[in-house]
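Biologist: Please take a close look at one part of this model and describe how it connects to what lies around it.

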Amino acid sequence: MAGNADQATAPRDAERSEAGGWGAGLRQEQPALDLGADLGPADPAAYTTRKPIPEPMPTDRHGPARIIAMANQKGGVGKTTTTINLGAALAEYGRRVLLVDFDPQGALSVGLGANPHNLDMSVYNVLLQDDVAVEDVLIKTNVAGLHVMPANIDLSAAEIQLVTEVAREMALARVLRTVRKEYDFILIDCQPSLGLLAINALTCADGVLIPLECEFFSLRGVALLLDTIDKVRERLNFDLELEGILATMYDSRTTHCRQVLQRVVEAFGDKVYQTVITKTVKFPESNVAGAPITTLDPSSSGARNYRQLAREVIAAQAERD
Ligand SMILES: Nc1ncnc2c1ncn2[C@@H]1O[C@H](COP(=O)(O)OP(=O)(O)OP(=O)(O)O)[C@@H](O)[C@H]1O
Ligand SMILES: [Mg+2]
């Protein structure tokens with residue numbers, strides 16, 4: 001547990017939302033994080049097992065999809081890994097899932113076995129050419145019910161070309177409107193930046209899922225991300241929600257990781273998923289193999305983590321319906 005003094009100054013949820021959303025709450029937390037305050041011994045186990053997560057009900061009705069953007073302008077925090085493996089786990093539970101690669105690096109496409117250099121068409125073409133439909137670009141993966149809209153370096157040009165378009169922030173929303181009814185979830189893998197592509201993703205999303213690496217500086221920059229989410233909510237997408245915060249690359253053996261998780265839970269409360277993604281070399285290995293960990297190594301801890309996350313995401317959606 002963190003020291004009592006920290007707890008006494010930590011803003012409660014209600015105060016936090018009155019004081020200007022999650023961004024404001026987090027900024028109050030940040031000095032302690034930045035200054036390396038003594039965080040005290042931590043045991044997040046009580047939090048991560050706080051309530052049972054129900055098994056998803058089978059479904060034969062599909063759509064309209066909940067659109068979730070995986071966003072964090074910090075690089076290498078697990079956005080792409082989460083998009084692939086949460087998507088695959090949701091599909092295992094019988095949900096129809098579309099993954100959108102919205103990063104010119106094309107890591108999501110590669111992680112699902114597509115070669116970005118060999119693509120005739122990609123998300124770039126659907127965004128900027130009226131005569132290209134989503135169906136022309138979609139790739140079916142080896143996981144039943146899991147489709148991907150791939151990207152490659154062409155997408156970096158879209159950021160520049162869109163600037164002169166009417167409603168430039170809405171380009172992805174226009175594209176996804178046509179296929180939303182066919183899927184249960186659409187997950188958008190954002191690039192590590194808060195540029196026009198990320199704004200497009202936030203503008204068409206129902207929720208933002210923020211992966212946070214369990215390391216000391218992970219919360220740096222999150223205030224800026226939350227401010228951006230607030231701005232998009234005020235100006236472009238009034239219904240945008242913070243879907244959840246996901247702790248990634250967690251190693252329970254280190255006090256440091258446990259302390260960071262403890263802090264994240266203090267800062268964001270119930271917005272933090274109970275599921276925590278453990279650190280394992282299986283993830284980099286699965287990238288190389290071009291398949292989700294859920295199919296490559298179905299009984300591994302990583303696969304179990306993402307299945308549990310999928311159950312949380314489905315349960316949250318069931319509560320909304
Ligand atoms: N839980 C984990 N344990 C160990 N390694 C992980 C884990 N999650 C992701 N990785 C590895 O960390 C690296 C970065 O992950 P990933 O590509 O998912 O992050 P990202 O946020 O999408 O990065 P970028 O901002 O560059 O797009 C990858 O090599 C990935 O395999
Ligand atoms: Mg990525």
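Modeller: Proline 64 sits in the loop between helix 4 (45-48) and strand 1 (66-70); helices (H or I, at least four residues) and strands (E, at least two) are DSSP runs numbered from the N terminus. The model is predicted, so local features need pLDDT of at least 70 and side-chain atom pairs pLDDT 80 or more, while totals for chains, interfaces and linings use all residues. Residues are numbered from 1 along each chain as its sequence is written, and chains are lettered from A and ligands numbered from 1 in the order in which they are written.

The peptide bond that joins glycine 63 to proline 64 is cis, with omega about -10°. Strand 3 runs antiparallel to strand 4 (residues 146-149), and two bridges join them. In this pair, isoleucine 139 is opposite valine 148 of strand 4.

Axes are fitted to C-alpha atoms, for helices over the stretch in contact, with angles from 0 to 180 degrees between N-to-C directions.

Strand 7 (241-250) also contributes to the shell around ligand 1, where helix 5, strand 7 and helix 14 (282-289) each supply at least two residues. The shell has 18 residues, of which Gly75, Lys79, Thr80, Thr81 and Pro192 come nearest; a residue is near if its C-beta atom, placed from the backbone, lies within 6 Å. By class, the shell divides into seven nonpolar, eight polar and three charged residues.

Helix 5 (residues 79-92) in turn packs against helix 16 (residues 301-320): their axes come within 8 Å and cross at roughly 70°. Asn85, Leu86, Ala89, Leu90 and Glu92 of helix 5 meet Tyr306, Arg307, Leu309, Ala310 and Val313 of helix 16, contact being C-beta atoms within 7 Å. That contact has seven nonpolar, one polar and two charged residues.

Key
Contact = placed C-beta atoms within 7 Å. Nonpolar A, V, L, I, M, F, W, Y, C, P; charged D, E, K, R; others polar. Pairing = 2+ DSSP bridges.
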